[in-house]
Amino acid sequence: MGYEITSLYTEGDYLKGNPCWHAERSPWKAEHVAKGLSSAQIQPVTVCDIGCGTGLALAELRGRVNTIEKAVGFEPSSDAPIHPRAKDVIEYRREDATKCTETFDLAVMLDVFEHVEDYIGFLRNCHHLASHYAFHIPLDATVIAILTSGFAAPRKSLGHLHYFTRVSALATLEHCGYQPLHWHFTKSGWEGPESPKNKRNPWSMLNIMRRTIHTFSPEYAHRILGGLSLLVIAKAIK
């Protein structure tokens, strides 16, 4: 079973709103994946990236993890622009990864399954691709989002259809056959470069409050004010 992507990603709307396709954050994401792999003591030789976008995150990961010999990026959207720095580093395929019959040591899925209507089915249908997985998951389900109807922003600008907390994200992975081996929060709300079109103020009052609470409790920071995502290294349970 394949997974068709919505017209948002194929008819220019997403590209218009995100002309860099988030490539500016790819090195930052790759650094967190490399950190997670090191903590979990995983040294992959073959890697694929499911929904790789421009391919830059996978290319950057290959540069950071010296055991990687083969890197394949799957991107079903014809709108996603291939990054020049990825062209000679990874094998870029405009395909649905769920239909791939190859297997890899590691599959990477960075800010992907929250965009998929049937995310449970999607995760289960990616299960065969690798023995280990790296996920980066936005944690949009927060107290402030509920009180201010803040879910509208990531839905409109980023196409997020599902919203997670740390607990629900990890429970979802376990439900779909992935055993978390390592996880850590990433400060997605105020760290990492941004696109010129989507500037955030890292020293806004909200982000100052986030930083303050995060100093004492990252758990409560993500539950109340958000601004955090989750990096998970997991093992596929057969």
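Contact here means heavy atoms within 4.5 Å. This is a predicted model, where local features need pLDDT of at least 70 and side-chain atom pairs count only at pLDDT 80 or more, while totals for chains, interfaces and linings use all residues. Residues are numbered from 1 along each chain as its sequence is written, and side-chain values use heavy atoms, with hydrogens and water left out.

**View 1. Leu-123 and the largest nonpolar core.** Leaving aside residues up to four places away in sequence, Leu-123 touches Met-109, Phe-113, Phe-135, Thr-172, Leu-173, Cys-176 and Tyr-178. The largest nonpolar core has 36 residues, and Leu-123 is one of those that touch the most other members, along with Ile-50, Met-109, Phe-113, Phe-135 and Tyr-178. (A nonpolar core is a set of buried Ala, Val, Leu, Ile, Met, Phe, Trp, Tyr and Cys residues joined through side-chain atoms within 4.5 Å; buried means under 20% relative accessible area, exposed over 50%, and partly exposed in between, with a 1.4 Å probe and protein chains only.) Elements that each supply at least two residues of this core include strand 1 (46-50), strand 4, helix 4 and strand 5 (130-138). Helices (H or I, at least four residues) and strands (E, at least two) are DSSP runs, numbered from the N terminus.

**View 2. Helix 3 and what it packs on.** In helix 3 (residues 56-64), Leu-56, Ala-57, Leu-58, Ala-59, Glu-60 and Leu-61 are buried. Helix 2 (26-40), strand 1, strand 2 and strand 4 are what those buried residues pack against. Look for Glu-60 again in a network of salt bridges, where it is linked with Glu-31, Arg-64 and Arg-85. (A salt bridge is a side-chain nitrogen of Lys or Arg within 4 Å of a carboxyl oxygen of Asp or Glu.)

**View 3. Asp-111 and its polar partners.** Asp-111 sits in the loop between strand 4 (104-110) and helix 4 (119-125), and it counts as buried at 19% relative accessibility. Its side chain makes a polar contact with the side chain of His-136 at 2.6 Å and another with that of Lys-29 at 3.2 Å. (A polar contact is a pair of N or O atoms within 3.5 Å; within protein, one must be able to donate a hydrogen and the other to accept it, and residues adjacent in sequence count only if both atoms are side-chain atoms.) Pro-138 is also among the residues that Asp-111 touches.

**View 4. Glu-219 with two arginines.** Arg-166 forms a salt bridge with Glu-219, the closest N and O atoms being 2.7 Å apart. That pair links distant parts of the chain, with Arg-166 in helix 7 and Glu-219 in helix 9, 53 residues apart. Both partners are buried: Arg-166 at 17% relative accessibility and Glu-219 at 15%. Glu-219 also meets Arg-223 in a salt bridge (3.0 Å, N to O). Those two are 4 residues apart in helix 9, so about one helical turn separates them. Arg-223 is partly exposed, at 36%.

**View 5. Arg-93 paired with Glu-91.** The closest N and O atoms in this salt bridge are 2.7 Å apart. Arg-93 counts as buried, at 13% relative accessibility, whereas Glu-91 is partly exposed, at 37%.
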